[in-house]
Amino acid sequence: MYYITKRFELAGCHRLQLSYESKCSRLHGHNWIVTVHCRSRELNADGMVVDFSHIKERITSYLDHGNFNELLPFNPTAENIARWICEQIPNCYRVDVQESEGNTASYEND
C-alpha cells in the first residue's frame, strides 16, 4: 500500500448555525490548516497515488478566501468541511481540518 500526505493552509470565513448561543454564530474567519491523507494499492500511470499539487489546487481554488456558508451546501463546521474535502480527492481516506491552534476535526472514510 502506498500512502501520501499533503498539508496546506487556506483562509476562509464561516458562521455556524447552532442549537445554542455561541459567538461562532457570527461571521468569523480562520487560517485553516488542512491535512489530506491518500492511499492506493497501485500507482497511477505517472507513478503517483495522487499529485500533491492537484490536491491543493482542487480545494484552494474553490474555498480559499471564500465564505464557506456561500460555497458549501451544509453547516460549515470543521467536521463537515473535513468530510467534504475527503469526498473531493481521489484515493483520500482521511482529512484533518485545524481551524485554530488546539482545535482540529478529522474525518476518515472507511
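Guide: Gladly. Strands are DSSP runs of E with at least two residues, numbered from the N terminus. In this predicted model, strand β1 covers residues 2–14, and H14 lies in this strand.

Visitor: Which residues does the UniProt annotation "binding site" cover?

Guide: Such annotations may be inferred rather than shown by experiment. Here the unreviewed UniProt entry gives H14, H28 and H30 as "binding site". These residues are spread over 17 residues of sequence, yet they cluster in space, with a largest C-alpha distance of 8.5 Å.

Visitor: Is H14 buried or exposed?

Guide: Buried means under 20% relative accessible area. H14 has 0% relative accessibility, so it counts as buried.

Visitor: And where does H28 lie?

Guide: H28 belongs to strand β2, residues 28–40. Its relative accessible area is 22%, so H28 is partly exposed.

Visitor: What does H14 touch, not counting residues up to four places away in sequence?

Guide: With that exclusion, H14 touches R26, L27, H28, H30, W32, F68, N69, P76 and E99. Looking from H28, and leaving aside neighbours within four places in sequence, the contacts are G12, C13 and H14.

Visitor: Now a helix, please: which residues of α3 are buried?

Guide: Helix α3 spans residues 78–88, and its buried residues are A78, I81, A82, W84, I85 and C86.

Visitor: What do the buried residues of α3 pack against?

Guide: Their partners include two helices, α1 (52–63) and α2 (68–71). They also pack against the strands β2, β4 (92–100) and β5 (103–108).

Definitions and conventions:
Residues are numbered from 1 along each chain as its sequence is written. This is a predicted model: local features need pLDDT of at least 70, side-chain atom pairs count only at pLDDT 80 or more; totals for chains, interfaces and linings use all residues. Side-chain values use heavy atoms; hydrogens and water are left out. Helices (H or I, at least four residues) and strands (E, at least two) are DSSP runs, numbered from the N terminus. Buried means under 20% relative accessible area, exposed over 50%, partly exposed in between (1.4 Å probe, protein chains only). Contact means heavy atoms within 4.5 Å.
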